[in-house]
Amino acid sequence: MGSTVMPVIVLTPPEANPQLITTLQELGWASHGTLTHSPGQHLTINDRVVRLTHNDTVLFQHPIGNAWAPVGWWKAVTSLDNQCVIVVVASTHINLNGRSLHAQLDALTGSHQTVTALVPVTH
């Protein structure tokens, strides 16, 4: 039996940008555990940057050296009409290098320290 890849990306804004989660809440993003579609946002992923914008205004940007995605991720994005689920978590509330990212995200369900939305994505 095969497994289905859910196209999810976790973004952790730096402590220098504590307002990002509040801004996204104001734009209609939901607490983690509830999925919503929030118009006006767009995620760009390429070999230089991960960038989240709202009506062409940059909300989050992180330089990267190599865009990596698990096998099937981009195919899953395509199956969702070129959208992915974005989870934004305050960097002080998650360890992306931790042993159980899923458990950490589960513990944040309903928290005001995280927001989630289904957003169009290009690469």
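**Ground rules.** I number residues from 1 along each chain as its sequence is written, and my side-chain values use heavy atoms, with hydrogens and water left out. Since the model is predicted, local features need pLDDT of at least 70 and side-chain atom pairs count only at pLDDT 80 or more, while totals for chains, interfaces and linings use all residues.

**Entry 1: the whole chain.** I started with the secondary structure and found three helices and seven strands. For these I took DSSP runs numbered from the N terminus, with helices being H or I of at least four residues and strands being E of at least two. Along the sequence the pattern reads β-α-β-β-β-β-α-β-α-β.

Next I looked up the overall dimensions. The C-alpha trace spans about 40 × 35 × 30 Å along its principal axes. The radius of gyration is 14 Å, which agrees with the value near 14 Å for a compact globule of 123 residues. That radius is taken over C-alpha atoms, and the globule rule is 2.2 Å times the number of residues to the power 0.38.

I also noted that 37% of the 123 residues count as buried. Buried here means under 20% relative accessible area, exposed means over 50%, and partly exposed is in between, using a 1.4 Å probe and protein chains only. For contacts (heavy atoms within 4.5 Å), I looked at those with a separation of 6 or more: 71% of them come from residues 24 or more positions apart.

**Entry 2: strand β6.** How many of the residues of β6 are buried? I checked residues 83–89, and seven of the seven are. In a regular strand the side chains alternate between the two faces of the sheet. In β6, one side carries Gln83, Val85, Val87 and Val89, the other carries Cys84, Ile86 and Val88, and both faces are covered.

Then I went through the partners of β6, where pairing requires at least two DSSP bridges between the strands. Strand β1 (residues 8–11) runs parallel to β6 and is joined to it by four bridges. Here Ile9 stands opposite Ile86. Strand β7 (residues 114–122) pairs with β6 in the antiparallel sense over seven bridges. On that side I found Val85 opposite Leu118.

**Entry 3: Ile86.** Which residues does Ile86 touch, not counting those up to four places away in sequence? My list has Ile9, Leu11, Trp29, Leu43, Leu52, Val115, Thr116, Ala117 and Val119. Ile86 counts as buried because its relative accessible area is 0%. I also checked the C-alpha distance from Ile86 to Asn17, 69 residues apart along the chain, and got 17 Å.

Entry 4: I looked at Asp81, in the loop between α2 (73–79) and β6. Asp81 is not a glycine, yet has a positive phi of about 55°. It counts as exposed, at 64% relative accessibility. Asn82 lies in the loop between α2 and β6 as well, and its phi is positive at about 60° although Asn82 is not a glycine either. Is Asn82 buried, exposed or partly exposed? I have it as partly exposed, because its relative accessible area is 42%.

**Entry 5: Thr53.** Last, I turned to Thr53 in strand β4 (residues 49–54). Thr53 is buried, with a relative accessible area of 11%. Leaving aside neighbours within four places in sequence, I found Thr53 in contact with Gly40, Gln41, His42, Val58 and Leu59.
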